[in-house]
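This report walks through a structure for a reader who meets it here for the first time. Please look over the sequence and the model before reading on.

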Amino acid sequence: MLTSARLITPDGKMIELSPELYRKVQQLLEANRVAAPARNGMAVIRATHGKYAGNTSLTQALLKQKRSETSRENNKLGRRNG
């Protein structure tokens, strides 16, 4: 079952769109899409690189949590299968 497309306005009103009108809206959006320049992305990476250096490693914290969960699961299975 196909449902009609809906456009939600900034003030929260819903407008039903016919399939033809929906395709036209999609074409307009695609035609006006602007690709972000690659250098802008690199500027963000450079600006935030090392931002958390010297703080607790989030990767290490996740690995420690995973080891703890695995240990709990193994203990639980050991008691059950004991």
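A residue is called buried under 20% relative accessible area, exposed over 50%, and partly exposed in between, as found with a 1.4 Å probe and with protein chains only. By this scale Glu 16, at 47% relative accessibility, counts as partly exposed.

The model is a predicted one, in which local features need pLDDT of at least 70 and side-chain atom pairs count only at pLDDT 80 or more, while totals for chains, interfaces and linings use all residues. Residues are numbered from 1 along each chain as its sequence is written, and side-chain values use heavy atoms, with hydrogens and water left out.

**Overall form**

The protein holds three helices and two strands, where helices (H or I, at least four residues) and strands (E, at least two) are DSSP runs numbered from the N terminus. Along the sequence these elements follow the pattern β-β-α-α-α. The radius of gyration is 26 Å, well over the 12 Å that the globule rule gives for 82 residues, so the protein is more spread out than a compact globule; this radius is taken over C-alpha atoms, and the rule is 2.2 Å times the number of residues to the power 0.38. Taken along the principal axes, the C-alpha atoms fill a box of roughly 65 × 45 × 25 Å.

Of the 82 residues, 2% are buried.

Strand S1 (residues 5-8) pairs with strand S2 (residues 14-17) in the antiparallel sense over four bridges; two strands count as paired if DSSP finds at least two bridges between them. Within this pair Ala 5 stands opposite Leu 17, and the bridge partner of Arg 6 in S2 is Glu 16. The hairpin of S1 and S2 has five residues between the strands, and in this hairpin Gly 12 takes a positive phi near 90 degrees.

**Salt bridges and charges**

Side chains of opposite charge can pair when their charged atoms come close. A salt bridge is here a side-chain nitrogen of Lys or Arg within 4 Å of a carboxyl oxygen of Asp or Glu, and by this rule the count comes to three.

| Salt bridge | N to O distance |
|---|---|
| Arg 6 and Glu 16 | 2.9 Å |
| Lys 24 and Glu 20 | 3.4 Å |
| Arg 33 and Glu 30 | 3.3 Å |

Lys 24 and Glu 20, in contrast, both lie in helix H1 (residues 19-32), four residues apart, which is about one turn of the helix. Lys 24 counts as partly exposed because its relative accessibility is 45%, and Arg 33 counts as exposed at 59%.

When Lys and Arg are counted as positive and Asp and Glu as negative, with His and the chain ends not counted, the mean positions of the 15 positive and 6 negative charges are 13 Å apart. The place of a charge is taken as NZ of Lys, CZ of Arg, CG of Asp or CD of Glu.

**Positions along the helices**

Gln 27 has its place in helix H1 and is exposed, with 55% relative accessibility. The C-alpha atoms of Gln 27 and Gly 41, which are 14 residues apart along the chain, are separated by 26 Å. Arg 46 is found in helix H2 (residues 38-48) and is exposed, with a relative accessible area of 60%. Between the C-alpha atoms of Arg 46 and Arg 23, 23 residues apart along the chain, the separation is 39 Å.
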